[in-house]
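Thanks, everyone. Please bring it up on your screens.

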Amino acid sequence: MKFSKTISFAFFGVILSVFFAACGDSNSASTDQHEHFEVEGWNLYWPDYTLAYSVFRGKVDSEHKELRVNANCLSEHINIKFLNDEEKEVSGPKDDEHSLGWTVGDEKILDIEWEGGWGFHLKGVKEGETTLILKVNHHDHADARTPEIKVIVDEALDEHDCPFQEEGEEHEHEHED
């Protein structure tokens, strides 16, 4: 009986070792298809390449600490660039295993319109303040995520008064946690 328990624990230990090795260091020379995307920071840009938000190693740039949109409106397209450990910008993964994900603190205030790739629009639902966490999804987990980003949804505008929404513009809503 004691021998059987020892074998069971040994087998369990081997399984755990294999699991952690598979999800371990992404800098390994492994040809494993589950390469993790590791970044140290995020830069979010407006279409004219002005910085909308920036964070590096958990420290948010104090000049760009919140995002804004009006209720009933879409923001301009926001494009994401990532920062490596040398604070140099790198593009997001281009494989099918990684995708943009997000968590909105209060979905009654804010929604996200994703058009694919590493960009999105904020969509103001109603006036208020909430948070947004962006993620690099990889299968069933996030390889990277931002700290909570403060988002302020300003007063509601009529759709035709929204500054960045073209007439007849349609967006499909996809939410990936």
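Predicted model: local features only at pLDDT ≥ 70, side-chain atom pairs only at ≥ 80, totals over all residues.

The protein averages a pLDDT of 82. Of the residues, 73% score at least 70.

Two stretches call for a note. Residues 6-33 have pLDDT below 50. Beyond near neighbours in sequence, that stretch has nine contacts in the model. Residues 167-177 are also below 50. There the model has 25 contacts beyond near neighbours in sequence.

Now the rings. Searching the whole structure gives four aromatic pairs. Take Phe-37 and Phe-82. They pair edge-to-face, 5.1 Å centre to centre, with 80° between the planes. Phe-37 sits in the loop between helix 1 and strand 1, and Phe-82 in strand 5, so this pair ties together parts 45 residues apart in sequence. Both Phe-37 and Phe-82 are buried.

Next, Phe-82 and Trp-118. Their ring centres are 5.5 Å apart and their planes stand at 85°, so this pair is edge-to-face. Trp-118 is in the loop between strand 8 and strand 9. With Phe-82 in strand 5, the pair links distant parts of the chain, 36 residues apart. Trp-118 is buried, as is Phe-82.

Which residues make up the aromatic cluster? Phe-37, Trp-42, Phe-82 and Trp-118 form one cluster.

Notes:
Residues numbered from 1 in each chain as written. Heavy atoms only, no water. pLDDT = per-residue confidence, 0-100. Contact = heavy atoms within 4.5 Å. Phe/Tyr/Trp six-rings, centres within 6.5 Å; stacked < 30°, edge-to-face > 60°. Helix = DSSP H or I, 4+ residues; strand = E, 2+ residues; numbered from the N terminus. Buried < 20%, exposed > 50% of the residue type's maximum accessible area, 1.4 Å probe, protein only.
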